[in-house]
Amino acid sequence: MSREVILHDKETGLILDGFIDAILNSRINFGNAVIIGIKSGGVPLADIIGKAVFQHFKIKCEIGYVSMTFYRDDPFAVRKSANATELPLDIDKKEIILVDDVISSGRTVRASIDEIFDFGRPEKIWLAVFIDKDGRELPICPDFTGRKIKAGKNEVIHVDVLGKEKFVEKVTKK
């Protein structure tokens, strides 16, 4: 296995700033929004977006987290676990900002949306992903993307926006 940092701290920070600005300057009604991070990579980004919404608009959006493992259609790709979904009590008629660090096939997003609908029927779901790895297998397209990165099927993209040094790295499985 080999690792290569493809975006270092400064560039990752600039991309993160642009990503958040695009969300803040969108048509989202933040007064009726719930931010949901897909476990595990979307959790820190959901928290960062929630803080940015509060700083910019003085609106405290409810934040939740979704675990999509029970809805995956590739049972051997992820270990099925009871890593619980944590959502606000009421998501009916809310605008959902669904957040993840990386999108590739679209299967994680599809499974997460299935999980969300077990809790209610939102008015709209906005998809925000920090890195678009490409390789879509389903017709799912993010509304907000930080950066597109080309990577092969044997390459995994890892994002760290919480560490002292922010980075995006490509891990190649041999």
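**Figure 1. The buried residues of helix α3 (residues 107-117) are Val109, Ala111, Ser112, Glu115 and Ile116.** Around the axis they span an arc of only 165°, which places them on the same side of α3; the arc is that of the directions from the helix axis to the C-beta atoms. Buried denotes a relative accessible area under 20%, exposed one over 50%, and partly exposed a value in between, with a 1.4 Å probe and protein chains only. The cover over the buried residues of α3 includes β2, β3, β4 and β5 (124-132), where contact requires heavy atoms within 4.5 Å. Helices (H or I, at least four residues) and strands (E, at least two) are DSSP runs numbered from the N terminus. The model is predicted: local features need pLDDT of at least 70, and side-chain atom pairs count only at pLDDT 80 or more, whereas totals for chains, interfaces and linings use all residues. Residues are numbered from 1 along each chain as its sequence is written, and side-chain values use heavy atoms, with hydrogens and water left out.

**Figure 2. Three strands form an open sheet in the order β1-β8-β7, with antiparallel pairing.** Its edge strands, each pairing on one side only, are β1 (2-7) and β7 (155-160). On average, neighbouring strands of this sheet are turned by 25° against each other, direction ignored. Two strands count as paired if DSSP finds at least two bridges between them; six bridges join β7 to the antiparallel strand β8 (residues 167-172). Valine 156 has valine 171 of β8 as its bridge partner. Helix α1 (residues 9-24) packs on the sheet and touches β1 and β8, its direction making about 55° with that of β1. Axes are lines fitted to C-alpha atoms, for helices over the stretch in contact, and angles between N-to-C directions run from 0 to 180 degrees.

Figure 3. Phenylalanine 19 is buried, with a relative accessible area of 1%, and phenylalanine 130 is buried at 0%. Phenylalanine 30 is buried at 6%, whereas phenylalanine 57 is partly exposed at 32%.

**Figure 4. Lysine 58 lies over the face of phenylalanine 54, at 5.7 Å from the ring centre.** A charge sits over a ring if NZ of Lys or CZ of Arg is within 6 Å of the ring centre and within 35 degrees of the ring normal. Lysine 58 is placed in the loop between α2 and β3 (62-66) and is exposed, with a relative accessible area of 60%. Its phi is near 60°, a positive value in a residue other than glycine. The charged end of lysine 124 sits over the ring of tryptophan 126, 4.4 Å from its centre.
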